[in-house]
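I opened my notebook to record what I looked up in this structure.

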Amino acid sequence: PLVVGKEVLDKARREGYAVPSFNTNNLEITQAILEVAEELKAPVFIQVSDGARKYAGMENLANLVKDMASRVRVPVVLHLDHGADFAMVMQALRAGFTSVMIDASHHPLEENVRETRKVVEAAHAVGVSVEAELGRLQGIEDNVQVSEAEAFLTDPEEAERFVAETGIDYLAIAIGTSHGAYKGKGRPYIDHRRLQEIARRVSLPLVLHGASGVPAWLKEKLLATGAEVKEATGIHDEDIQKAIPNGIAKINIDTDLRLAMTLGIREVVVGNPREFDPRKIIGKGRDYLKQVIREKFQLMRTVGRA
Ligand SMILES: O=C(COP(=O)(O)O)N(O)CCCCOP(=O)(O)O
Ligand code: NA
Ligand SMILES: [Zn+2]
């Protein structure tokens, strides 16, 4: 069934596992997520970004997820990813989202607090959980000077204050991850000591953005279809496994789903130039999506937790 975010994540942090939050943009991605969650008896977040809202329509995606979630046995949370402003959050609340993120982390702290408090008041009034962000994920360019990079990472003491002043339900932090398929040359540096210090001060579930791994098997297969993803790199599994016992309870995955869907589509389109049944083309993408989604539930130890 569709459930509120807080109950799912409080349990995850308490019991030392994480819940993947997968971005959806259409029917096939939503099907893949829910079929695997059901198969593995795992709770799951399905999140809608601004881009997805523009591509598919917020109400369309909300109605699809709500209806499909009502027909599965595992807990499903419908989450607004990177809510840009109060208006967008209100639209999500009206559409029946059960969790919303207000991302005001690029504003000065005082404004982030103000914006976030406003959203908390509205969302909590209708029983919906709130995620906010403190600190900024490094940009795609990794030519950020060390000092600037420091300024982007979440300050533990500030995090404690931010949580107290805003009343949020879970906190997104910056400890070295970044959005997209190009997370820097080699292995991205994840600041586990900083995470431990944040987790010592903040008892709320912590959220990791930019956590896609760009798995080797997926990258190799994509390269074999002629996809130009040679420079693509992700977060290492060991860093994910290390972050979970240190308070990370929600882990955002979008890029790995994009790569999986693209692999399926390219394999059919490049491999069978005579194929023009979209169900065969997108369907192959859905198969690879299910494989990646299975791996995420296993990596995060979400299996059997529903
Ligand atoms: O943290 C993440 C995903 O991180 P990842 O890129 O490592 O998967 N997310 O929050 C997903 C962000 C998707 C937003 O993009 P569009 O507006 O273009 O849809
Ligand atoms: Na989010
Ligand atoms: Zn994000």
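My entries below go from the whole fold down to single residues.

**Entry 1: the whole protein**

I noted at the outset that this is a predicted model. I looked up the secondary structure next. The protein has 13 helices and 8 strands. Then I checked how compact the chain is. Its radius of gyration is 19 Å, and the globule rule gives 19 Å for 306 residues, so the protein is as compact as a globular protein of that length. The C-alpha trace spans about 60 × 45 × 35 Å along its principal axes. I also looked up burial. Of the 306 residues, 56% are buried. Residues 24 or more positions apart account for 77% of them.

**Entry 2: the barrel**

How many strands does the closed barrel have? I found 8, running E1-E2-E3-E4-E5-E6-E7-E8 with parallel pairing. On average, neighbouring strands of this sheet are turned by 25° against each other, direction ignored. I reminded myself how strands hold on to each other. Strands of a sheet pair through backbone hydrogen bonds, either parallel or antiparallel.

I then looked at two of the pairings. E1 and E2 pair in the parallel sense over 3 bridges. Phe-22 has Ile-46 in E2 as its bridge partner. Strand E6 covers residues 170-173, and its parallel pairing with E7 also runs over 3 bridges. There, Ala-172 stands opposite Val-207 in E7.

**Entry 3: helices against the sheet**

I picked two helices. Helix H2 (residues 27-39) lies across strand E1 (19-23), strand E2 (44-48) and E3. It runs at about 170° to E2. Helix H6 (residues 109-125) packs on the sheet and touches strand E4 (99-102) and strand E5 (129-134). The direction of H6 makes about 170° with that of E5.

**Entry 4: strand E2**

Are the faces of E2 covered or open? I found both covered. Val-44, Ile-46 and Val-48 are buried on one side. Phe-45 and Gln-47 are buried on the other.

**Entry 5: the nonpolar cores**

I looked up the largest nonpolar core. It holds 85 residues. Which of its members touch the most others? They are Phe-97, Val-100 and Ile-251. A second, separate core has 13 residues, including Val-8, Phe-45, Met-101 and Ala-172.

**Entry 6: the zinc ion**

Which residues coordinate the zinc ion (ligand 3)? I found His-82 (NE2), His-179 (NE2) and His-209 (ND1), at 2.0 to 2.1 Å. Along the chain, the donors follow the spacing H-x96-H-x29-H. The pair His-82 and His-209 links distant parts of the chain, 127 residues apart. His-82 sits in strand E3 (residues 76-83). His-209 sits in the loop between strand E7 (206-208) and helix H10 (216-224). I checked its burial too. His-209 has a relative accessible area of 0%, so it counts as buried, the cut-off being under 20%.

**Entry 7: the sodium ion**

Next I looked up the sodium ion (ligand 2). It is coordinated by His-79 (NE2), Asp-81 (OD), Met-101 (SD) and Glu-131 (OE), at 2.6 to 3.2 Å. These donor residues are spaced H-x1-D-x19-M-x29-E in sequence. Met-101 lies in strand E4 and Glu-131 in strand E5, so this pair ties together parts 30 residues apart in sequence. Both Met-101 and Glu-131 are buried. How far apart are the sodium ion (ligand 2) and the zinc ion (ligand 3)? The separation is 5.5 Å.

**Entry 8: a residue in a loop**

I ended with Tyr-189. It is found in the loop between E6 and helix H9 (192-201). Is Tyr-189 buried or exposed? Its relative accessible area is 62%, so Tyr-189 is exposed, the cut-off being over 50%. Not counting residues up to four places away in sequence, Tyr-189 touches Ile-175 and Gly-176. I also compared its position with that of Ile-235. Tyr-189 and Ile-235 are 46 residues apart in sequence and 8.8 Å apart in space, C-alpha to C-alpha.

Notes
Residues are numbered from 1 along each chain as its sequence is written. Chains are lettered from A and ligands numbered from 1 in the order in which they are written. This is a predicted model: local features need pLDDT of at least 70, side-chain atom pairs count only at pLDDT 80 or more; totals for chains, interfaces and linings use all residues. Side-chain values use heavy atoms; hydrogens and water are left out. Donors are N, O and S atoms within 2.8 Å of the metal (3.2 Å for Na, K and Ca); water is not among the atoms, so sites may look incomplete. Helices (H or I, at least four residues) and strands (E, at least two) are DSSP runs, numbered from the N terminus. Buried means under 20% relative accessible area, exposed over 50%, partly exposed in between (1.4 Å probe, protein chains only). A nonpolar core is a set of buried Ala, Val, Leu, Ile, Met, Phe, Trp, Tyr and Cys residues joined through side-chain atoms within 4.5 Å. Two strands pair if DSSP finds at least two bridges between them. Axes are lines fitted to C-alpha atoms, for helices over the stretch in contact, and angles run from 0 to 180 degrees between N-to-C directions. Contact means heavy atoms within 4.5 Å. The radius of gyration is taken over C-alpha atoms; the globule rule is 2.2 Å times the number of residues to the power 0.38.
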